[in-house]
Amino acid sequence: MQQTRPTGRRRAASGTVGAVGSVAVGSMVANICMYVVHLAASARYLDVSEYGEFAVLLSAMLVLGVPALALQNVVAREVVLGCDERRLRRVGIQTTLCVVVLVAVATPLVALLMRTGVVTTLAALGAAPLLTLIAAGQGILQGRGEFRTLSWVLAAVGVLRSMPIVGAFVAGAGAAGGLFAGTIGAAVSAVVVWVVVGKVGERTSDAGTVGVLSVVRASQVQLVLIVASSVDLLLSPRVLDAESVGVYALGAIATKVAFWLPQAIGVVFYPRLADPARSRVSLRQAVAVVAGVGVVLTLLAGAAGPMVPMVFGDGYDELVPLLWLFAYIGAALAVLQVVLLSAIARDRTRVAFGTWIVVAVEVAVILTVAGSVVGVAATAAVAVTVAAAGTWALTR
């Protein structure tokens, strides 16, 4: 009896590590595919103005993709709680229809504000409803704990969405053609995801009263995370000169790496965060693991700082003593992401209002006080630390 419990724990730990590894590989494949798209677009197939339009519209897609991220988390939570999956499919369709309306309203506004063509804008934003359908299917797999299948799905979606874009560029279709091809790829991805979900089977019950309003509440949580992870970079041109903006943008790459590398941990732990019997312990474990990864990445960034001028040139000397700080921002954002995921998993999304307040203060400080690269980065670091600690205290 004394040997059984440690053995069970070792097996559970091994299973968790394997699940995290599988999801990490699938996510990495998807991210690499998108990097290939940007590399092909900027380096070979689009001129500067065309690439600017392409990149701006993909950024707009991130905002319209917030309901998809929220839907996946809500669906995964309700699967863990035993909600009827037929009801969850209906919620997925209802949310998708809402996103269709949102795209119809947003397309002319985005085209006007960003000075992009209406057709090109629609070609980009038209993928948003399809991403919502994809997210619903991924949420069911995540909630069931089908992480190996989810890994293959993440990789397949990444390939199916990105490779048609590259193909369109090779054919000379330009930015609009590439974006339209990406939307077609998203449609194919949605079909593939739901075929996979169908093969896994369907669970039915009489439990669950989830609706679109649950997705709306979760959406504001996902949105504050996106805003918190990008507001410092977006505001940097307002307070820094052009050369310093370039330095900050390069440093922000370290932030993105430290933020996204531990993402698979949150995906795997999320079903446990949604389980009332395990949520508190699982939150502590997830935060500990993500924070540990963050410490390692921050130390590695500090050690790699002196290499920046050798790789990118003397113009980035200012980053040598600061690279660790940018990595720390990303690491703290990763912890904040886990804590906010826990808020969605427990359906306690109101705690995200504290993060909104912190972000508002961060914006005010950057615009009025911070006037240097180190000033903006330090402000972002303090803000995300306060947001993570405060939100964790509210969710415990």
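Trainee: Is D347 buried, partly exposed or exposed, and why?
Mentor: D347 counts as partly exposed because its relative accessible area is 36%, and the class in between runs from the 20% limit for buried to the 50% limit for exposed. Keep in mind that this is a predicted model.

Trainee: Where is D347 in the fold?
Mentor: D347 sits in the loop between α14 and α15, the latter being residues 352-368. The backbone there has a positive phi of about 55 degrees, although D347 is not a glycine.

Trainee: Which side chain does D347 meet in a salt bridge?
Mentor: That of R77, with 3.6 Å from N to O.

Trainee: And how many salt bridges are there across the interface of domain 1 and domain 2?
Mentor: The rule finds one across that interface.

Trainee: How many residue pairs are in polar contact between the two domains?
Mentor: Three residue pairs are in polar contact between domain 1 and domain 2, counting pairs with both residues at pLDDT 80 or more.

Trainee: Which elements of domain 1 give two or more residues to the side that touches domain 2?
Mentor: They are α1 (4-45), α3 (66-80), α6 (128-144) and α7 (147-170). The largest share of that side comes from α3, with five residues.

Trainee: What kinds of residues make up that side?
Mentor: On the side of domain 1 that touches domain 2, ten residues are nonpolar, three are polar and one is charged.

Trainee: Back up a bit. What are the bounds of the domains?
Mentor: Domain 1 covers 19-208 and domain 2 covers 242-395. Their centres, taken over C-alpha atoms, are 24 Å apart.

Trainee: How many residues are in contact on each side?
Mentor: 14 residues of domain 1 are in contact with 13 residues of domain 2.

Trainee: What about the area buried between them?
Mentor: About 1200 Å² is buried between domain 1 and domain 2, and carbon and sulfur atoms give 73% of that. Within domain 1, the residues that lose the most area to domain 2 are V20, N73 and R77, which together make up 41% of what that side buries.

Trainee: New topic: V227. Which helix is it in?
Mentor: V227 is in helix α9, residues 212-239. With 25% relative accessibility, V227 counts as partly exposed.

Trainee: What does V227 touch, leaving aside neighbours within four places in sequence?
Mentor: V227 is in contact with W356 and V359. W356 is 129 residues from V227 along the chain, yet their C-alpha atoms are separated by 8.9 Å.

Trainee: Now Q337: buried or exposed, and why?
Mentor: Q337 is buried because its relative accessible area is 13%, and buried means under 20%.

Trainee: Where is Q337, then?
Mentor: Q337 belongs to helix α14, residues 323-345. Not counting residues up to four places away in sequence, Q337 touches L225, F259 and Q263.

Trainee: Last one. Is A242 buried or exposed?
Mentor: A242 is exposed, at 71% relative accessible area. The residue lies in helix α10, which spans residues 242-260.

Trainee: How far apart are A242 and L112 in space?
Mentor: Going from C-alpha to C-alpha, A242 and L112 are 26 Å apart, and in sequence they are 130 residues apart.

Definitions and conventions
Residues are numbered from 1 along each chain as its sequence is written. This is a predicted model: local features need pLDDT of at least 70, side-chain atom pairs count only at pLDDT 80 or more; totals for chains, interfaces and linings use all residues. Side-chain values use heavy atoms; hydrogens and water are left out. Domain bounds come from an automatic or database domain assignment. Contact means heavy atoms within 4.5 Å. Buried area is the accessible area (1.4 Å probe) that two parts lose on being put together, summed over both. A salt bridge is a side-chain nitrogen of Lys or Arg within 4 Å of a carboxyl oxygen of Asp or Glu. A polar contact is a pair of N or O atoms within 3.5 Å; within protein, one must be able to donate a hydrogen and the other to accept it, and residues adjacent in sequence count only if both atoms are side-chain atoms. Helices (H or I, at least four residues) and strands (E, at least two) are DSSP runs, numbered from the N terminus. Ala, Val, Leu, Ile, Met, Phe, Trp, Tyr, Cys and Pro count as nonpolar, Asp, Glu, Lys and Arg as charged, and the others, Gly among them, as polar. Buried means under 20% relative accessible area, exposed over 50%, partly exposed in between (1.4 Å probe, protein chains only).
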